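Q: Could we go through this model together? I would like to begin with its pocket and then turn to the sheets and helices.
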Amino acid sequence: MENTSPKIRILKADGEKEFFDQEKLVNSLKRAGAHDELIREVVSHVQSELMDDMSTTDIYRHAFMLLEKQHRPSAARYSLRRALLGFGPSGFPFEDYVGEIFKARGWSVETGKIMKGHCVEHEVDVIAWKDDRLLFAEVKFHNEPGFKTDLKIALYVKARMEDLAKVSFFIGNKERRLTDGFLITNTKFTSSAIQYGSCTRLSMMGWNYPDKENLESVIEEEKLHPLTCLTTLTSSQKQELFTKGIVLCKTIVSNPSVLSFLQLGRKEEKDVLDEAKSLFV
């Protein structure tokens with residue numbers, strides 16, 4: 001598709017400005033599974049609405065509106081990054097979601113446990129273990145796309161992991177010592193946080209960090225689409241499923257009976273299940 005991007009500056013979620021780049025929009029639509037004709041229609045519509053200082057959120061809304069109307073599976077995939085913001089306001093469902101990521105990779109998992117370090121007790125968001133490895137993860141949830149996890153948080157997490165690494169824990173029927181400390185966020189990291197994490201070997205995972213094994217790539221590789229992607233459920237219905245520990249579309253597909261919690265009509269239930277299944281095609 002020929003790049004016909006107008007020279008219009010747009011406002012990013014973090015407050016920075018950049019020129020609108022048609023290729024970025026096209027690539028995100030392709031990753032979402034939109035067909036060529038739909039991509040052309042979305043790009044044409046977005047460009048017709050562009051104006052200086054238009055926000056990336058407004059551009060997203062215009063694109064999402066057309067995708068939802070014409071091809072819901074693409075809309076669900078396109079909304080992946082923003083769907084992660086839907087784990088609020090408390091962020092506790094995101095901890096469960098991160099736990100599901102490690103389960104998908106063969107780890108045994110517990111969430112929200114108090115663990116006694118060498119000096120003090122710590123609330124550990126995610127505990128995961130397999131073989132001789134023990135991993136503790138601090139999970140930082142943000143409900144605004146422009147909010148970044150900064151150096152202060154990285155310093156804080158590193159200090160906690162150092163305290164926890166000085167003692168052993170009886171987990172998974174054996175004594176274990178901490179082998180991996182993680183800082184995980186649903187958005188991005190500041191450059192100084194990344195620099196510090198790299199220097200101190202603090203493992204970090206965010207939406208686009210690191211280059212490989214970042215949150216976006218892991219979700220797509222493991223088909224771990226959050227149920228917040230679904231356009232056929234309301235926010236209150238999603239919150240109801242969160243209270244039952246259900247955070248994945250995959251769970252709905254493998255066990256449709258969980259939808260009984262929502263007391264949906266037969267057609268509504270079928271629509272939800274069909275949309276969830278479409279993400280795995």
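Q: By class, how many nonpolar, polar and charged residues does the lining of the largest pocket have?
A: The lining has 13 nonpolar, 6 polar and 14 charged residues. Here Ala, Val, Leu, Ile, Met, Phe, Trp, Tyr, Cys and Pro count as nonpolar, Asp, Glu, Lys and Arg as charged, and the others, Gly among them, as polar. This is a predicted model, in which local features need pLDDT of at least 70 and side-chain atom pairs count only at pLDDT 80 or more, while totals for chains, interfaces and linings use all residues. Residues are numbered from 1 along each chain as its sequence is written, and side-chain values use heavy atoms, with hydrogens and water left out.

Q: What volume does the largest pocket have?
A: About 1,100 Å³. A pocket is an open set of points on a 1 Å grid over the protein atoms alone, where a 1.4 Å probe fits, with protein on both sides within 12 Å along at least five of seven lines; lining residues have an atom within 4 Å of a point. The volume is the space filled by probe spheres set on the points, which are joined across faces, edges and corners.

Q: Which residues lie nearest its centre?
A: Lys24, Ser28, Arg31, Arg81 and Trp207, out of 33 lining residues.

Q: And which helix gives the largest share of that lining?
A: That is α1, with 5 residues. Helices (H or I, at least four residues) and strands (E, at least two) are DSSP runs, numbered from the N terminus.

Q: Changing topic: what is the strand order in the sheet of 5 strands?
A: The order is β4-β5-β6-β10-β12, in an open sheet with mixed pairing; two strands pair if DSSP finds at least two bridges between them. The edge strands are β4 (108-116) and β12 (203-205).

Q: In which sense do β10 and β12 pair?
A: They pair in the parallel sense, over 3 bridges. Leu183 has Met204 of β12 as its bridge partner.

Q: Lastly, at what angle do α2 and α3 pack?
A: At about 145°, with their axes 10 Å apart. Axes are lines fitted to C-alpha atoms, for helices over the stretch in contact, and angles run from 0 to 180 degrees between N-to-C directions.

Q: Which residues of α2 make the contact?
A: Leu38, Glu41, Val42, His45, Val46 and Glu49, where contact means heavy atoms within 4.5 Å. Their partners in α3 include Ile59, His62 and Leu66.
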